Amino acid sequence: MTLDELVARVISETSTSELIVDKVTLHSAAFLKPLIPLLYHTKINGQDWTKRKEQTLFSSCHLLEPFPSVSHVADAGHVSITTSNHTSARLTAFLLTGVPGLEGSHIWISIPFGVMYLLAVIGNGLVTAAVVWDRSLHEPMYVFLAMLALNDALLCTVTVPKMLLIFWQGPSPSTFPACLAQMFFVHALFLSESAVLLAMAVDRCVAICAPLHYATLLTGSLISKVGLALVARSVAVVTPGVLLILRLRFCHSNIIRHTYCENMGIAKLACNDIAPNSIYGLTAALLTTGLDFVLISLSYWLILRTVFRLPSKEARTKALGTCGAHVCVILIFYSLAFFSFFTHRFGNHVPKHTLILLANLYLLVPPTMNPIVYGAKTKQIRMRVLGLCSRAE
């Protein structure tokens with residue numbers, strides 16, 4: 001088939017309308033340049049774009065680079081691009097499609113997610129600002145709280161804007177480097193949040209179990225080192241996962257039926273063995289987040305043992321009151337995270353859209369709820385935040 005016939009066939013099969021510009025290019029395929037406006041820079045009208053057109057423009061095109069040959073045009077209008085045995089295919093982009101099975105409800109889903117994102121960014125921003133600007137809050141407990149708030153704001157910002165774009169405009173392409181970067185920050189920030197919660201539990205444990213040594217043990221220098229350590233741990237744990245993705249070859253679909261790029265979502269698209277990716281991901285999760293949860297539980301067991309040995313009821317109530325907000329935050333974070341983690345790996349009969357919604361909620365609900373919980377439970381934070389708001393008015 002000649003190039004002109006191929007162009008005519010693509011035009012007739014894809015119902016093109018207006019041309020749009022996209023950042024991802026197929027610059028290395030010089031002989032395909034006449035087709036770029038049709039294959040990749042085309043906005044599709046008509047029926048459900050997610051179900052009907054994504055295979056036509058993306059799945060069979062694969063966005064592989066380089067493109068040694070155009071083999072055939074399938075009966076359904078698919079342009080199939082194959083590579084020779086001597087050429088190594090490199091994926092240049094993925095297509096994120098959103099919540100599978102709920103494409104028609106994306107606009108409605110975007111409303112609560114958008115509201116939660118605004119609450120998370122504003123709430124965590126106010127908590128961070130209150131702790132930074134008020135010197136009376138420069139204590140370990142509040143410094144760790146500011147770390148948690150900053151981490152929460154970053155965590156939801158890494159995923160939610162792209163998610164809302166998909167909900168509003170349909171499936172959205174993401175370049176391979178951008179997808180890897182998002183995967184890295186999602187997992188790294190999740191691990192650092194778990195580490196901050198562990199640091200806060202240790203802080204409360206020292207404050208209640210060894211109050212006379214609290215000021216000498218938790219110094220400003222130690223807190224700085226803890227902050228650097230949790231960042232280093234996140235980077236050290238997530239980087240091998242990224243390197244394991246880079247070793248994979250992608251020869252099937254490039255469509256990720258998700259709202260953001262995550263480790264196993266990318267790995268499952270590969271055509272070679274992903275067992276090392278799966279084993280490393282499970283092991284890393286158990287030795288970091290799982291171990292953090294065990295140590296947090298141990299900290300609170302020591303706290304409860306100490307509290308119930310106090311002589312007066314008033315002292316017990318006051319000691320438990322300082323831990324109330326932290327316990328609520330821990331329960332919200334770990335219950336959603338573990339439920340999502342285990343249903344993804346062992347919930348074979350759980351609907352796909354349920355898994356994707358859970359994967360989004362465990363990254364968005366804790367950042368939304370944390371400033372609300374700490375605002376309600378911690379008088380100092382509540383007063384400083386209200387002071388900031390009144391000063392702004």
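On a 1 Å grid over the protein atoms alone, a cavity is a set of points where a 1.4 Å probe fits but cannot get out, while a pocket is an open set with protein on both sides within 12 Å along at least five of seven lines; lining residues have an atom within 4 Å of a point. Grid points are joined across faces, edges and corners, and a volume is the space filled by probe spheres set on the points.

The model is a predicted one, so local features need pLDDT of at least 70 and side-chain atom pairs count only at pLDDT 80 or more, whereas totals for chains, interfaces and linings use all residues. Residues are numbered from 1 along each chain as its sequence is written, and side-chain values use heavy atoms, with hydrogens and water left out.

As for confidence, pLDDT (the predictor's confidence in each residue, from 0 to 100) has a mean of 78 over the protein chain, and 76% of the residues reach 70 or more. Residues 6–88 fall below 50, yet this stretch has 143 contacts in the model beyond near neighbours in sequence (contact means heavy atoms within 4.5 Å).

The structure holds 1 cavity of 30 Å³ or more, and the volume of the largest cavity is about 30 Å³. Its lining is made up of Asn124, Val127, Leu145, Leu148, Ala149, Asn370, Pro371 and Tyr374. Helix H5 (106–133), helix H6 (140–169) and H13 each give two or more of these residues; helices (H or I, at least four residues) and strands (E, at least two) are DSSP runs, numbered from the N terminus. By class, this lining counts 6 nonpolar, 2 polar and no charged residues, with Ala, Val, Leu, Ile, Met, Phe, Trp, Tyr, Cys and Pro taken as nonpolar, Asp, Glu, Lys and Arg as charged, and the others, Gly among them, as polar.

The largest pocket takes in about 1000 Å³. It has 45 lining residues, with His187, Glu262, Asn263, Met264 and Arg345 nearest its centre. H11 gives the most to this lining, at 10 residues, and the classes split into 25 nonpolar, 15 polar and 5 charged.

Then there is the sheet, an open one of 3 strands in the order E8-E7-E9, with mixed pairing (two strands pair if DSSP finds at least two bridges between them). Strand E8 (172–175) and E9 are the edge strands. Strand E7 (residues 93–96) runs antiparallel to E8 over 4 bridges, and Leu95 has Pro173 in E8 as its bridge partner.
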